[in-house]
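Here is a friendly note to read alongside the model. Please keep the 3D view open and follow the points one by one.

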Amino acid sequence: MRIGIDLGGSHIGVGLIDGSKIVGDIEEHNFSNEDRTHIEEVIINKIQELINKVLENNSLTISQIELIGIASPGTISNGVIVKAGNLNLYNYEIVNKLKEIYGNIKIIIRNDGKCAALAEKKYGSLQPYDDCLFMNIGTGIGGAVFMQGKLLEPKKYSGFELGHLVVNPVGKPCTCGKRGCLEVYSSIKALKNSICETLNISNDIGGQELREKVIPQNLEKVGNNIGEFIVFLKTGICNYIDIFEPEAICFGGSFSYWDYTSLYKVLMNEIHKPNSTFNNDIPEFVVASLHNDAGIVGATIEF
């Protein structure tokens, strides 16, 4: 058995992993504003607390766990979170801190987009493809690229920061320090914030309520928000296709819950309409089959 940890921009999720499956329930903690004032300490304490709950729920002890895997946002190198702007973490030695607690258990960490991509490649929608690209669209935009079945990884950092492709050089500032990055316009967080601003409602609203109630009831009012989201996302995808020539592109993260009835359908209509910016060599587009579980499952995959 393995423990998977999903360290997100707004929460921590911990689950027991058996191959491609999460056993039992994921234990979660949502970060409060107070948590963010001492986030490094909170992360370690909450990971311990949630691991203990998962073990207790499944009548296990820590000695029965062979590996702990962490899916983290941001730039990862040699067990260190070099930079995670959404969490205000810099050079955070999370693996060493957990090794002090869990001794000889193997602990690994990867960028969350890479973890989700590995899960989809091994168990999910990307299994049939050798050359493919995964886009993890949620709080930000992460991702990974596979060539001839192999995950592309630079030597220095985790690389392939798909969300930080600049699509508007004089655009909105990004947490990475640049302006006009794709995730500033086409992450689900960006879409949610722009819709809430247009409708003058709190952005504390949940994703499901936004998808199923708010947008359908205000479709005309938020049309421009969705239009901007799609235009910039399409621009990014067009560039990825020219650079990587993938057989398929897979959409994961919270975007995958919008499925074939809303954002995905609008995007596909835009991509396939006559006289679009795409040439005739359009790859297949698929939605992640593991949805938000992909990151926590992929965190435990040794590749």
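1. Start with the largest nonpolar core, which has 42 residues; M135, I237, F251, F255, L267 and F285 have the most contacts inside it. A nonpolar core here is a set of buried Ala, Val, Leu, Ile, Met, Phe, Trp, Tyr and Cys residues joined through side-chain atoms within 4.5 Å. Helix 7 (residues 223-244) supplies the largest share of this core, nine residues. Helices (H or I, at least four residues) and strands (E, at least two) are DSSP runs, numbered from the N terminus.

2. A word on the source: this is a predicted model, where local features need pLDDT of at least 70, side-chain atom pairs count only at pLDDT 80 or more, and totals for chains, interfaces and linings use all residues. Residues are numbered from 1 along each chain as its sequence is written, and side-chain values use heavy atoms, with hydrogens and water left out.

3. Now find H11, in strand 2 (residues 11-18). Is H11 buried or exposed? H11 counts as buried because its relative accessibility is 15%; buried means under 20% relative accessible area, exposed over 50%, partly exposed in between (1.4 Å probe, protein chains only).

4. Next, look at the open sheet: five strands in the order 11-10-9-12-13, with mixed pairing. Two strands pair if DSSP finds at least two bridges between them. Strand 11 (150-151) and strand 13 (284-287) are the edges, each pairing on one side only.

5. Finally, strand 9 (residues 132-137) and strand 10 (residues 141-147) pair in the antiparallel sense over six bridges. Across this pairing, F134 stands opposite A144 in strand 10.
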